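Here is a short note to read beside the model. Please keep the sequence open as you go through the points.

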Amino acid sequence: PQNNQLKSETLGISSNLYRKACKKLWKTRISIGNPPALKMDPNLKSYPLLSYVLSRLPSISSRLQSSPSSDTPFDLEQPPPIDAASSSTAPPPIVDQMPHLSHPKVLASMTHAIYDVAQTRSVLQTLGPRPDHESVDMAHHKLAEIDSNLSKSLEELVLSPRPEGVDQAEWRANLAGKEQQIRQQAEQEKSMYKSILQLDEMHEAYGKLVKQAEERLVKIYEKAGEVADDSEPVEETNPEVVGILEEAQGKGLERVDLCGRKLRYLPEAFGKISGLLSLNLSGNQLEVIPDSLAGLEKLEELNVSSNLLESLPDSIGLLQNLKILDVSGNKLNALPDSICYCRSLVELDVSFNSLAYLPTNLGNELGNLERLSIYLNKLRSLPNSICKMRSLRFLDAHFNELRGLPNEIGRLTNLEVLNVCSNFSDLTELPETLGELTNLKELDLSNNQIQALPDTFGRLDNLKKLNLEQNPLVIPPLEVVEQGVDAVKLFMAKRWADKLAEEERKSMIEVNEEDEKGWLTRSTTWLKRSVSVVGETVSGYLGTAGPTDPVLDEER
């Protein structure tokens, strides 16, 4: 889905700065006027496929439907309406001319192919229209003028004489400060005009991007046509699916179970069952999930496990009420970042796929998640953000390639079950913060290369089940492990206590040594002062003219 929080600053361009520059250029005879509505493509016939695919994106189509405008000029995402008078002679819809567009897999491939276009378009709509040619030329002229003035100012500064009575080092520092001020002022003036040029370059690049995107879509469609010609005819919609869609039109459906129906594709009409709460599509042959499912705004449970999915649509992030998502047993290589927007998720199962990494912000957004199953993948590490899942109670990451756990994993204070077994030669050590998982009840560390448990292990008071098999453990020794979890906790707790006692003993020795040094220093100082006072007293008693005693005068 389109990220509404994407701001112009992410590309280094300020829309406010652009407006200021436009106002300044207005004063220099450049007529800009009110910014016109943003046009991404002047001709629908130039990019018909791109126009169609963009219009099918749920986030875009819903926005267009919510705010229609009759006087808005042609826009790439919204083809112009057909007048009633000309409807009889109007050409047929693009789907009639290109029937493969109705196939969910083809449409999904095209959607992924033009994601960069939709994202760039969103940014440009935030920044504003493309500057006209005169504005760009004037911006170039102003930049050259500012550079010229900067050179003159710096030259005058260097040639300025040093006043009498001013130290040379002080004068150089003064010149350096003035030079910095001059350059900062010049950069501030140039930034306005640079913004205009950058915006112009972005629009120019967008034009090329649109052309390349259309070419990609054409190739995808041609390839789909070749596959269709060489393969069997597309199967008809499953009668049971048709019956469900017909029933949904008559009354609201809350639960649909199509498990094990050998479905190859799902009609986009499923996205119109607005009251649906639970959808089970597990055990089929689905290769794609249609973007239209994003229309199921009330959906709470989605099960698409044991299919042939290679990716999830970005529109899945629009399912704001989704609580349970099961995509296990597919062919996923990655999860879309948009899955982080499913903030109502309580259970997420992505096991038995080919995931090499998890979204970086997964833990930052899914604060309500309680169960996370990521086993049987190719994960080498877990994102640090997982440590922010304060509600997490169950984490299963066995059979991966984990090389360790995040250092702050101890922040998962509600975690009760942790399984990281069978990461084999990759997992060799555990963080010290593991002992902070005070609610942990079950821990499986078997089939790894762990040689020592962290010293804080004895603090896991609630731990009841522990599996340490097939590890080259040295700490604790094997005879202790064989006695069970309580023996291991007792051994590690005693080891931890002994370590603390040893550290306290060393600390006390250091403190005593410092105290002794301090006593000797204070004693020596007191003796010196005493001798000095006695010497002065005796000297005063005898008088200045009297004979002196070399022993008393000797410096102590």
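1. How many of the ten residues of helix 5 (residues 104-113) are buried? Seven are, so helix 5 is largely enclosed by the rest of the structure. The buried residues are Pro104, Val106, Leu107, Ala108, Met110, Thr111 and Ala113. Buried means under 20% relative accessible area, exposed over 50%, and partly exposed in between (1.4 Å probe, protein chains only). Helices (H or I, at least four residues) and strands (E, at least two) are DSSP runs numbered from the N terminus.

2. This is a predicted model: local features need pLDDT of at least 70, side-chain atom pairs count only at pLDDT 80 or more, and totals for chains, interfaces and linings use all residues. Residues are numbered from 1 along each chain as its sequence is written, and side-chain values use heavy atoms, with hydrogens and water left out.

3. There is one aromatic pair. Phe399 is in the loop between strand 7 (394-396) and strand 8 (417-419), and Phe424 in the loop between strand 8 and strand 9 (442-444), so the pair ties together parts 25 residues apart in sequence. Rings of Phe, Tyr and Trp (its six-membered ring) pair if their centres lie within 6.5 Å; planes under 30 degrees apart count as stacked, over 60 as edge-to-face and the rest as tilted. Phe399 is partly exposed at 38% relative accessibility, and Phe424 is partly exposed at 39%.

4. The structure has zero disulfides, a disulfide being a pair of cysteine sulfur atoms within 2.5 Å. Cys387 is buried at 1% relative accessible area, and Cys421 is buried at 8%.
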